[in-house]
Amino acid sequence: MILTDLLTNYLFKQPKMSESGNIKMEFAVQIRGEGCVEAIKSALSNAGTVTIDANRGSVLVETSLPWVEIDKRIEATGRRVVLTGFGGQSAVAIVEHGNESTNVRGVVRFCSLSNVPGQRGAVIDGTIDGLAPNDTYQLNVHECGDISDGCRSVGDVYDSNEISADKSGRATVRIVNDRLEVSDLIGRSVVIAHTDQRRLSCGIIARSAGIFENYKKICACDGTTIWDERNKSIPAN
């Protein structure tokens, strides 16, 4: 996944959270000309603070909206888009393990509310698909990231948050949680569970790219561009 293929730029590794619940997120966008820039500005007119660098193909948004909403608005203008940076200290879980019988899958991101070491508080942001329409679930952080036995080997619940699916079976997650410290989450796991605690899908939490940390356009291993990687990573329906 592109979020785990990083090229860290230490000059820009500074606090990125402006206020509680507001996050800066960076998108790579295929921009061709001023018309594209104006279309993106119009689509994001009420989303927050938007900075567009057409030469780099970068759209930086400071917003309280979920990243998937920003992504959707940009793609609605006819441009291809990839999320390349998210907040300051960030972590991500690709939730797609132990789901052979449920097909529940998604992506959950965690972003620190503060750059002060040891200070708790995080925004949980993501989408989960394959749920029963209009039903309620738990998004749980578990003690460890051992998925050798699927979602059964991840230990006890460390933190729990309630989420709800819409009529299509998708849960769009946007939670401000004052109990979590992002640095303490690395190596733990996310589990999506029904209210009866049946574990439906899980994934390991790993460090992810923050703003300005993912300049790498070509994968060093196989020459894959971020646009190729985007096509690979589209989840199955």
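**Around helix H1 and across the sheet**

The buried residues of helix H1 are covered by elements that include strand S1 (23-29), strand S2 (49-53), strand S3 (58-63) and helix H2 (67-75); helices (H or I, at least four residues) and strands (E, at least two) are DSSP runs, numbered from the N terminus. This is a predicted model, in which local features need pLDDT of at least 70, side-chain atom pairs count only at pLDDT 80 or more, and totals for chains, interfaces and linings use all residues. Residues are numbered from 1 along each chain as its sequence is written, and side-chain values use heavy atoms, with hydrogens and water left out.

Which residues of H1 (residues 34-43) are buried? They are Cys36, Val37 and Ile40, where buried means under 20% relative accessible area and exposed over 50%, with partly exposed in between (1.4 Å probe, protein chains only). These residues span an arc of only 100 degrees around the axis, so they lie on the same side of H1; the arc is that of the directions from the helix axis to the C-beta atoms. Glu34, Gly35 and Ser42, on the other side of H1, are exposed.

Now to the sheet. An open sheet is formed by 8 strands in the order S10-S8-S12-S13-S5-S6-S7-S11, with antiparallel pairing; two strands pair if DSSP finds at least two bridges between them. Strand S10 (157-164) and strand S11 (171-177) each have a single partner strand, so one side of each lacks a neighbour in the sheet. Within the sheet, strand S5 (residues 90-95) pairs with strand S6 (residues 105-112) over 6 bridges, in the antiparallel sense. Val92 has Arg109 as its bridge partner in S6.

Methods. Contact means heavy atoms within 4.5 Å.
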